[in-house]
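Trainee: I'd like to go through a structure with you and ask how we can tell what we say about it. Could you show me one?

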Amino acid sequence: MNKVPEISRADYNTILLHAEKISNGQHDFAPVLRRELHEKLNITEAEPLVVDLVRNKDIEFLNRVRLFLSQFPFEVVVEEGEHYQLVKRGNFCELDVVGQSTEPVVDDTPAREPEDDDSATKPI
């Protein structure tokens, strides 16, 4: 079974930030967005989306980017070990938690010896 690619929450937010800048007319971020989609998510077919963002100012651009990204299997991982994936709801997508890291937690505190309890042997 192939593992789903993972990106950090910071990388995911950076992708959306660059899409927002393109939508606001800063078209010099288009090649940056294309490169990030290719390098971070191995998405080579991002060109039509980026061209569309550059040509059409649209208040729904972030939803369009999220809808586009929801076609690809990847998970967003936050520092706490939670994994999220894009889930389509109607005409928008949002991140849903899909799991948490199950790495064992190491307890460095030494085990305590049980204390002697004399109450059981003392007469009443």
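Mentor: Let's take the labels one by one and set each against its cut-off; keep in mind that this is a predicted model.

Trainee: Let's begin with helix α2. How do you know that its span agrees with its number of residues?

Mentor: Helix α2 covers residues 30-41, which makes 12 residues.

Trainee: Which residues of α2 are buried?

Mentor: Ala30, Val32, Leu33, Glu36, Leu37 and Leu41. Looking down the axis of α2, you find these buried residues within an arc of 160 degrees, so they line one face of the helix.

Trainee: And what covers the buried residues of α2?

Mentor: The cover includes β1 (6-8), α1 (9-23), α3 (47-55) and α4 (61-69).

Trainee: What makes glutamate 36 and lysine 40 a salt bridge?

Mentor: The cut-off is a side-chain nitrogen of Lys or Arg within 4 Å of a carboxyl oxygen of Asp or Glu. Here the closest N and O atoms are 4.0 Å apart, and the pair is a salt bridge. Both residues sit in helix α2, 4 residues apart, which is about one turn of the helix. As for lysine 40, its relative accessibility is 28%, so it counts as partly exposed.

Trainee: How many salt bridges does the structure hold?

Mentor: It holds 4. Another one joins the side chains of arginine 34 and glutamate 47, with 3.1 Å from N to O. This pair links distant parts of the chain, since arginine 34 is in helix α2 and glutamate 47 is in helix α3, 13 residues apart.

Trainee: Are arginine 34 and glutamate 47 buried, exposed or partly exposed?

Mentor: Partly exposed is what lies between the buried cut-off, under 20%, and the exposed one, over 50%. Arginine 34 has 29% relative accessibility, so it is partly exposed. Glutamate 47, with 36%, is partly exposed too.

Trainee: Which residue follows α2?

Mentor: Asparagine 42, found in the loop between α2 and α3.

Trainee: What makes the phi of asparagine 42 worth a comment?

Mentor: Its phi is positive, about 55 degrees, although asparagine 42 is not a glycine. Most residues other than glycine have a negative phi.

Trainee: Why is asparagine 42 called exposed?

Mentor: Because its relative accessibility is 57%, and exposed means over 50%.

Trainee: Now the strands. How do you know that β3 and β4 pair?

Mentor: Two strands pair if there are at least two bridges between them. Strand β3 (residues 82-89) and strand β4 (residues 92-100) are joined by 8 bridges, and they run antiparallel. Across the pair, glutamate 82 stands opposite glutamine 100 in β4. The hairpin has 2 residues between the strands, and glycine 90 there takes a positive phi near 65 degrees.

Trainee: What makes aspartate 96 and arginine 89 a salt bridge?

Mentor: Their closest N and O atoms are 2.5 Å apart, and the limit is 4 Å. Arg89, Glu94 and Asp96 are linked in a network of salt bridges. Aspartate 96 has 24% relative accessibility, so it counts as partly exposed, and arginine 89, at 31%, is partly exposed as well.

Trainee: One more glutamate, please. Why does glutamate 75 count as buried?

Mentor: Glutamate 75 lies in strand β2 (residues 75-77). Its relative accessibility is 15%, so it counts as buried, the cut-off being under 20%.

Trainee: What makes glutamate 75 and histidine 83 a polar contact?

Mentor: Their side chains are joined at 2.9 Å, and the limit for such a pair of N or O atoms is 3.5 Å. Leaving out residues up to four places away in sequence, glutamate 75 also touches others, including Val4, Pro5, Tyr84 and Val98.

Conventions:
Residues are numbered from 1 along each chain as its sequence is written. This is a predicted model: local features need pLDDT of at least 70, side-chain atom pairs count only at pLDDT 80 or more; totals for chains, interfaces and linings use all residues. Side-chain values use heavy atoms; hydrogens and water are left out. The expected span of a helix is 1.5 Å times one less than its number of residues. Buried means under 20% relative accessible area, exposed over 50%, partly exposed in between (1.4 Å probe, protein chains only). The arc is that of the directions from the helix axis to the C-beta atoms. Contact means heavy atoms within 4.5 Å. A polar contact is a pair of N or O atoms within 3.5 Å; within protein, one must be able to donate a hydrogen and the other to accept it, and residues adjacent in sequence count only if both atoms are side-chain atoms.
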